[in-house]
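Colleague: I am new to this one. Could you walk me through it, one question at a time?

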Amino acid sequence: MMLTEETPVPQAALPVEEMKDHLRMGSGFADDALQDGLIETYLRAAMAAIEGRIGKMLYRRRFEWVLECWRDSDEQALPVSPVAALVSVTLVDAEAVEVVVPASSYRLIPDLHRPRLVGKGGALPTIPSQGQVKVVFDAGFGAAWTDVPVDLRQAVLLLAGEFYEHRHDDGMQAAGLPFGVVTLIERWRNVRLLGGGRA
């Protein structure tokens, strides 16, 4: 099983100026943009850490998910949320021949924590022996920073600020997320039941 991000978050969509305000950096100087690259790096790192912890994508973007078998024959939980749309389902046989599955044979059941791909009127398409299936979908709260829930936005700023402020540390900083970040993201964390099977 492999999840690949096909469309990264555009640089222009990142809240660099808001991050500067959060850090109380001065403005109106000739070198205002000097730290922009560093701030962008820490924003991306903070978002990745938070997305990994809560299993939800902040910015909407496209993903390709490749797997070799379905967990259940008639439905499959998707690896991240919230899923906005299923783009395609493609079966790949042992000879790498690809067949696109008609969209009329499956559908998305949206869910904030556990969106699912289900077969319409029956089972999901059969994955070829020694083959795989590629599921392409769009996931995330939205394309703009303001589409991200406010508590998650604050968590990103706090964590990116932590990364920025401790960028010269020698690795002795305590491991794990700061308490304030953990508190902000706690309600968004997935509760796993039955080992990821049906609840």
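Colleague: Which residue in β7 is the bridge partner of R107?
Modeller: Helices (H or I, at least four residues) and strands (E, at least two) are DSSP runs, numbered from the N terminus. Strand β6 covers residues 106–109 and pairs with β7. In β7, R107 finds its bridge partner in V118.

Colleague: What kind of model is this, and how are its residues numbered?
Modeller: It is a predicted model, where local features need pLDDT of at least 70 and side-chain atom pairs count only at pLDDT 80 or more, while totals for chains, interfaces and linings use all residues. Side-chain values use heavy atoms, without hydrogens and water, and residues are numbered along each chain as its sequence is written, from 1.

Colleague: What pLDDT does the chain average?
Modeller: pLDDT is the predictor's confidence in each residue, from 0 to 100. Of the residues, 88% score at least 70. The chain average is 89.

Colleague: How many helices and strands does the chain have?
Modeller: Along the sequence the pattern reads β-α-α-β-β-β-β-β-β-β-α-α. The total comes to 4 helices and 8 strands.

Colleague: What is the strand order in the open sheet of 3 strands?
Modeller: Two strands pair if DSSP finds at least two bridges between them. The edge strands here are β3 and β6, each pairing on one side only. The pairing is antiparallel, and the order is β3-β7-β6.

Colleague: How many bridges join β6 and β7?
Modeller: These two strands form a hairpin, with 6 residues between them. On the β3 side, β7 pairs in the antiparallel sense over 3 bridges, and A77 stands opposite R116. Between β6 and β7, also antiparallel, the number of bridges is 4.

Colleague: Which residues of β7 point the other way from R116 and V118, and are they buried or exposed?
Modeller: Buried means under 20% relative accessible area, exposed over 50%, partly exposed in between (1.4 Å probe, protein chains only). In a regular strand, side chains alternate between the two faces of the sheet. R116 and V118 share one direction, and all four residues of β7 are buried. Pointing the other way, and buried, are L117 and G119.

Colleague: What is the order of the strands in the open sheet of 5 strands?
Modeller: Its edge strands are β1 (2–5) and β5 (98–100). Within it, β4 and β8 pair over 8 bridges, with A85 bridging to D138 in β8. The pairing is antiparallel, in the order β1-β2-β8-β4-β5.

Colleague: At what angle do α2 and α3 pack?
Modeller: Axes are lines fitted to C-alpha atoms, for helices over the stretch in contact, and angles run from 0 to 180 degrees between N-to-C directions. Helix α2 (residues 36–54) and helix α3 (residues 150–165) have axes 8 Å apart, and their angle is about 125°.

Colleague: Why is α2 called oblique to α3?
Modeller: Angles under 35 degrees count as roughly parallel, over 145 as roughly antiparallel, 65 to 115 as roughly perpendicular and the rest as oblique. The two helices pack at about 125°. That angle makes α2, relative to α3, oblique.

Colleague: Which residues in α3 does α2 meet?
Modeller: Contact means heavy atoms within 4.5 Å. On the α2 side, the residues include L38, Y42, M47 and I54. On the α3 side, they are L152, A155, V156, L157, L159, A160, F163 and Y164.

Colleague: What is the relative accessible area of S81?
Modeller: S81 sits in the loop between β3 and β4 (83–92). Not counting residues up to four places away in sequence, S81 touches G55, K56, M57, D111, L112, H113 and P115. S81 is buried, with a relative accessible area of 0%.

Colleague: How far apart in space are P149 and L58, C-alpha to C-alpha?
Modeller: P149 lies in the loop between β8 and α3 and counts as buried at 15% relative accessibility. Leaving aside neighbours within four places in sequence, P149 is in contact with F141 and W188. P149 and L58 are 91 residues apart in sequence, but in space the distance is 8.5 Å.

Colleague: What share of the residues in the chain is buried?
Modeller: Of the contacts with a separation of 6 or more, 76% join residues 24 or more positions apart. Of the 199 residues in the chain, the buried share is 42%.
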